[in-house]
Amino acid sequence: MTVPTSAPADVPIPAQPRSHAVMWVALLAMVLIVASSFLIGARAASVMFAAELAVLALVRAVAPRPGPYGISARSRGFDAAFLLVTALAMAVFAVTAPVGAI
């Protein structure tokens with residue numbers, strides 16, 4: 001009897017344990033952004049939110065598989081692109097909105 005050296009293709013590989021650190025740092029950043037929206041202003045908080053989304057896109061793009069807990073939902077490319085496009089849209093809206101609108 002021979003012992004197989006690799007698992008068959010239909011046997012799932014156990015998932016690596018994922019760190020929750022990115023999720024907690026992102027949550028802390030959101031708390032600070034909400035607080036700054038009251039203390040500094042909505043425009044600055046919106047730009048900070050766009051920056052956080054851009055940083056999360058970068059983290060998702062370079063993090064090893066399966067990705068950080070809390071920001072990994074689909075494929076790496078889709079998640080990173082979605083976060084980056086949302087960051088760009090949020091930054092454009094924050095900068096171009098009329099002063100009285102936000």
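Here are some questions and answers about this structure.

Tutor: Before we start, this is a predicted model, in which local features need pLDDT of at least 70, side-chain atom pairs count only at pLDDT 80 or more, and totals for chains, interfaces and linings use all residues. Residues are numbered from 1 along each chain as its sequence is written, and side-chain values use heavy atoms, with hydrogens and water left out.

Student: Which order do the elements of the protein chain follow from the N terminus on?

Tutor: Helices (H or I, at least four residues) and strands (E, at least two) are DSSP runs, numbered from the N terminus. The protein chain has zero strands and three helices. Read from the N terminus, the order is α-α-α.

Student: Where does UniProt place the feature "transmembrane region"?

Tutor: UniProt positions are given here in the numbering used for this chain, feature names are shortened, and annotations may be inferred rather than shown by experiment. In the model, residues 46-63 are 94% helix, with end C-alpha atoms 25 Å apart. Residues 21-40 are 95% helix, and their end C-alpha atoms lie 27 Å apart. The unreviewed UniProt entry places the feature at residues 21-40, 46-63 and 83-101.

Student: What percentage of the 102 residues is buried?

Tutor: Buried means under 20% relative accessible area, exposed means over 50%, and partly exposed is in between (1.4 Å probe, protein chains only). With that cut-off, the buried share of the 102 residues in the protein chain is 22%.

Student: Which residues is Leu-83 in contact with, leaving aside its neighbours within four places in sequence?

Tutor: Contact means heavy atoms within 4.5 Å. Leu-83 belongs to the largest nonpolar core. Leaving those neighbours aside, its contacts are Leu-53, Leu-56, Ala-57 and Arg-60.

Student: Which side chains meet in a salt bridge?

Tutor: A salt bridge is a side-chain nitrogen of Lys or Arg within 4 Å of a carboxyl oxygen of Asp or Glu. A search of the whole structure finds one. It ties together parts 19 residues apart in sequence, because one partner lies in helix H3 and the other in helix H2. At 3.0 Å, N to O, the partners are Asp-79 and Arg-60.

Student: Are Asp-79 and Arg-60 buried or exposed?

Tutor: Side chains of opposite charge can pair when their charged atoms come close. As for accessibility, Asp-79 and Arg-60 are both buried.

Student: Why does Val-95 count as exposed?

Tutor: Val-95 is found in helix H3. Its C-alpha atom is separated by 8.7 Å from that of Ser-46, 49 residues apart along the chain. Val-95 counts as exposed because its relative accessibility is 58%.

Student: Which residues does Ala-61 touch, not counting residues up to four places away in sequence?

Tutor: Ala-61 has its place in helix H2. Its relative accessibility is 34%, so Ala-61 counts as partly exposed. Beyond those nearby places in sequence, Ala-61 touches Arg-76 and Ala-80.

Conventions
A nonpolar core is a set of buried Ala, Val, Leu, Ile, Met, Phe, Trp, Tyr and Cys residues joined through side-chain atoms within 4.5 Å.
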